[in-house]
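Here are my notes on the model you sent. They are meant to be read alongside the coordinates.

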Amino acid sequence: MLKKFLAISAAAIAACAALSGCGTNAYARYRRTFASFGAMATVYLDGEFSSDEQRQDAIDTAEEIGAILTSFENTFSTTIEDSDVCLFNAAAPGSTVGISEDMYNVLSLALEMYDETGGYYNAGVYYSVDLYNFAARPEGVTMPYDREENSDLPDERYVAAFCELSKSFSKIELYAEGGNYYAVKPEDTVEVDGVIYSLAIDLSGIAKGYTVDIVDKYIEDAGYPNSSFSYGMSSIAVNSTLATDSGEWYLTFRDPRGTVDDYYMAIDVKDACISTSGDYENYYEVGDRRYCHIIDPDTGSPITTGIVTSSCIGGTAAEDDARTTAVMAMGLDDAIEYINSQTVKEQGLRITFVYQNSAGEYLLVTNIPEGEYELLNSVYIPASRIDENGNVVFTGTR
């Protein structure tokens, strides 16, 4: 899920001469990193920082970004007990929960993306994620299904029960009244060994994208048209850059079967949001099977679709986060059908995924025209073409 900006200086204020790939005009770059939501976030601002006032303005902008990150973590965290998400999860089934406007916005979008992706994006899989030891909890919390080691797989009774429970996510009702916002929790429950569980949600993925969208808008309003903001190594908003004459950023995408410093694809892009999901950032292996944090909502277990990474360019960062997660769970045929959908075409989304076939080959499928992206590793084989109707056609072997 890592995306790396090439030729970016590590210094907070860096002269253009210290950067490779700078354009013809001298400029400086301000860089600031933050630890938030169990992830690192980074902002880059290109501009003129020759005066104390200009430098202080960049610092003040970064400070406000830090405040936005803290606020959203306090809203969407599954480890902060009074966050909106934790309060919703702890609420009784069928109850009405007061939520913030940001929680309302993200839940609304999550429900829209559930519909758009045919349920493949489902934020109601919290218990399934936790069952496989991938969820974050408040300190000291234990559950009846806890296991000491990942070598012991969870009891199938829990897998089936939590899979069934996650289906009630689409039943969440939202409404606003008198300037306040509310969520009605579904009445659905499941019972295992005498313990009753109601719907629990995890919005961390899409909430990070939502945060990127809010921060990107703030940066623009603050007067920095040449900038980028990345969050959690999976979601990025890029505007223009002064490092290239075209204003485009050169982005490289992490090799899903390489090290953290290996990349399989690159593309030039500006004025867009980009998201990537993959099975390689958070996983463990039992026998010859990889168990990753992305849950197949149809099975309640980590995905076994053969798709090892997925990326989306275009749309909002929050939408892209949901879409790439959904594509990972779709599998080859449904993913291609989704890429060819009217929704994707109308929004001009550029979607790429890597599929590992039965022979162990890594096949690249994308609606990005040939010549607009660069493959950096010959292990990854182009396995699609775009037909006369603009549809992606799979040309590889299964």
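The points below go from the overall chain to the cores, the pocket and a few individual loop residues.

1. Overall form. The model is predicted, and this applies to every value below. The protein chain has nine helices and 25 strands. Its radius of gyration is 22 Å, close to the 21 Å that the globule rule gives for 398 residues, so the chain is as compact as a globular protein of that length. Along the principal axes, the C-alpha atoms fill a box of roughly 70 × 55 × 40 Å.

2. Of the 398 residues in the protein chain, 55% are buried. Among contacts with a separation of 6 or more, 62% are between residues 24 or more positions apart.

3. In soluble globular proteins, nonpolar side chains tend to be buried together. Here the largest nonpolar core has 78 residues, and Phe 76, Ile 201, Leu 203, Ile 206, Phe 229 and Phe 353 have the most contacts inside it. A second, separate core of 22 residues includes Val 129, Phe 162, Ala 200 and Tyr 284.

4. Leu 203. This residue is one of those with the most contacts inside the largest core. Beyond residues up to four places away in sequence, Leu 203 touches Phe 76, Val 85, Met 103, Val 106, Leu 107, Ala 110, Tyr 121 and Ala 123.

5. Largest pocket. The largest pocket holds about 1000 Å³ of space. Its lining consists of 41 residues, with Asp 202, Ser 204, Gly 205, Lys 208 and His 293 nearest the centre. Two or more lining residues come from each of strand S4 (39-47), helix H4 (126-131), helix H6 (204-221), strand S14 (272-278) and helix H7 (317-330). By type, the lining divides into 20 nonpolar, 16 polar and five charged residues.

6. Most residues other than glycine have a negative phi. Phe 37, not a glycine, has a positive phi of about 60°, and Asp 193, also not a glycine, has one of about 50°. Phe 37 is in the loop between strand S3 (28-36) and S4, while Asp 193 is in the loop between strand S8 (189-192) and strand S9 (195-198). Are these residues buried or exposed? Phe 37 is buried because its relative accessible area of 14% is under 20%. Asp 193, at 55%, counts as exposed because the value is over 50%.

7. Ile 303. This residue sits in the loop between strand S18 (301-302) and strand S19 (307-313). Ile 303 is buried, with a relative accessible area of 8%. Apart from neighbours within four places in sequence, Ile 303 is in contact with Cys 292, Ile 294, Ile 295, Asp 296, Met 328 and Ala 329. Its C-alpha atom is separated by 8.9 Å from that of Gly 331, 28 residues apart along the chain.

8. Glu 248. The loop between strand S11 (235-238) and strand S12 (249-254) contains Glu 248. With a relative accessible area of 27%, Glu 248 is partly exposed. Setting aside neighbours within four places in sequence, Glu 248 is in contact with Thr 241, Asp 268, Val 269 and Lys 270. Glu 248 and Ile 267 are 19 residues apart in sequence, and their C-alpha atoms are 9.4 Å apart in space.

Notes:
Residues are numbered from 1 along each chain as its sequence is written. This is a predicted model: local features need pLDDT of at least 70, side-chain atom pairs count only at pLDDT 80 or more; totals for chains, interfaces and linings use all residues. Side-chain values use heavy atoms; hydrogens and water are left out. A nonpolar core is a set of buried Ala, Val, Leu, Ile, Met, Phe, Trp, Tyr and Cys residues joined through side-chain atoms within 4.5 Å. Buried means under 20% relative accessible area, exposed over 50%, partly exposed in between (1.4 Å probe, protein chains only). Contact means heavy atoms within 4.5 Å. On a 1 Å grid over the protein atoms alone, a cavity is a set of points where a 1.4 Å probe fits but cannot get out, and a pocket is an open set with protein on both sides within 12 Å along at least five of seven lines; lining residues have an atom within 4 Å of a point. Grid points are joined across faces, edges and corners, and a volume is the space filled by probe spheres set on the points. Helices (H or I, at least four residues) and strands (E, at least two) are DSSP runs, numbered from the N terminus. Ala, Val, Leu, Ile, Met, Phe, Trp, Tyr, Cys and Pro count as nonpolar, Asp, Glu, Lys and Arg as charged, and the others, Gly among them, as polar. The radius of gyration is taken over C-alpha atoms; the globule rule is 2.2 Å times the number of residues to the power 0.38.
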